[in-house]
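Subject: Structure for you to look at

Hello,

Here is the structure I said I would pass on. Please open it next to this email and follow along as you read.

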Amino acid sequence: MFKNIKILIILLCVCVCCSACNKEEAGILFNSQPITKDTALNSGRTFEAGKKVYFLFYTPKELKTEFIRVHIFTAGDNIPKGGYNIIWTKDFRIMKNNHYYYHDCFVIHKAGRYVMQVFDIHDLSQPLAWNYFYLY
């Protein structure tokens with residue numbers, strides 16, 4: 001319970017401190033360290049390939065779904081299929097006390113430009129949030 005309260009405090013700090021954050025929009029925050037109250041403001045978009053990348057998906061509106069789908073794809077001019085190549089997709093269960101955020105980590109071993117999208121499992125046509133990051 002105490003850990004969940006700390007995560008909610010982090011979310012509020014991020015929304016207030018980030019100039020790009022709109023109170024009506026969801027977002028995704030990336031970090032090279034596990035996201036805590038102390039590390040939330042050290043977020044970034046550039047990471048080393050083969051290392052863990054931690055993410056925090058947050059939304060001001062309560063999620064009404066039990067599952068979200070996290071989708072990572074690489075973007076580039078030399079990729080067939082319209083410039084996108086799906087790298088990783090995973091469904092996550094939203095716990096009863098976490099209807100405003102979800103956090104986890106992933107590892108990608110190839111350098112490049114990537115985009116993460118988070119979807120409601122019942123509406124895969126429109127992402128709830130998206131953000132980009134780079135691996136070197």
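Below is what was found in it, from the overall layout down to single residues.

Please keep in mind that this is a predicted model.

Overall layout

Going along the sequence, the order is α-β-β-β-β-β-β-β-β. The chain has 136 residues, and 38% of them count as buried. Its exposed surface comes to about 8,500 Å², with carbon and sulfur atoms supplying 53% of that area. Among contacts in the chain with a separation of 6 or more, 65% are between residues 24 or more positions apart.

How the strands pair

Two of the pairings involve β8. Strands β7 and β8 run antiparallel and are joined by seven bridges. In this part of the model, G112 stands opposite L135 of β8. Strands β2 and β8 run parallel, with two bridges between them. Here T46 has Y134 in β8 as its bridge partner.

The side chains of A129, N131, F133 and L135 point to one face and are buried.

The nonpolar cores

Which residues have the most contacts inside the largest nonpolar core? They are F30, F55, I68, F106, M116 and F133, in a core of 21 residues. The elements that each give two or more residues to this core are β1 (27–31), β3, β4, β6 (101–107), β7 (112–120) and β8 (129–135). There is also a second, separate core of seven residues, and L29, I35, Y54 and Y58 are among its members.

Leaving out residues up to four places away in sequence, F55 touches I28, L29, F30, I35, V70, F92, Y102, H103, D104, C105, F106 and M116.

Salt bridges

How many salt bridges does a search of the whole structure find? It finds three.

One of them joins R69 and D91, whose closest N and O atoms are 2.6 Å apart. R69 is in strand β4 and D91 is in strand β5, so this pair ties together parts that are 22 residues apart in sequence. Both ends are partly exposed: R69 has a relative accessible area of 22%, and D91 has one of 36%.

Another links the side chains of R93 and E66, at 2.9 Å from N to O. R93 lies in strand β5 (residues 84–93), while E66 lies in the loop between β3 (52–58) and β4 (67–75), so the pair ties together parts that are 27 residues apart in sequence. R93 is partly exposed at 42% relative accessibility, and E66 is partly exposed at 46%.

The remaining salt bridge is between K64 and E62, with the closest N and O atoms 3.8 Å apart. K64 is exposed, at a relative accessible area of 74%. E62 is partly exposed, at 38%.

T74 is part of strand β4. Is T74 buried or exposed? Its relative accessibility is 13%, so T74 counts as buried. The side chain of T74 reaches the backbone oxygen of R113 at 3.0 Å.

T39 sits in the loop between β1 and β2 (46–47). Although T39 is in a loop, this residue counts as buried, at 10% relative accessibility. Apart from neighbours within four places in sequence, T39 is in contact with N31, Q33 and P34.

G50 belongs to the loop between β2 and β3. At 33% relative accessibility, G50 is partly exposed. Which residues does G50 contact, leaving aside its neighbours within four places in sequence? They are V107, I108 and H109. G50 and V107 are 57 residues apart along the chain, and their C-alpha atoms are separated by 5.8 Å.

If you want an order for looking, begin with the pairing of β7 and β8, then select F55 and the residues it touches, and finish with the three salt bridges.

Regards

Definitions and conventions. Residues are numbered from 1 along each chain as its sequence is written. This is a predicted model: local features need pLDDT of at least 70, side-chain atom pairs count only at pLDDT 80 or more; totals for chains, interfaces and linings use all residues. Side-chain values use heavy atoms; hydrogens and water are left out. A salt bridge is a side-chain nitrogen of Lys or Arg within 4 Å of a carboxyl oxygen of Asp or Glu. Buried means under 20% relative accessible area, exposed over 50%, partly exposed in between (1.4 Å probe, protein chains only). Helices (H or I, at least four residues) and strands (E, at least two) are DSSP runs, numbered from the N terminus. A polar contact is a pair of N or O atoms within 3.5 Å; within protein, one must be able to donate a hydrogen and the other to accept it, and residues adjacent in sequence count only if both atoms are side-chain atoms. Contact means heavy atoms within 4.5 Å. Accessible areas come from the Shrake-Rupley method with a 1.4 Å probe; for residues, only the protein chains shown count as cover. A nonpolar core is a set of buried Ala, Val, Leu, Ile, Met, Phe, Trp, Tyr and Cys residues joined through side-chain atoms within 4.5 Å. Two strands pair if DSSP finds at least two bridges between them.
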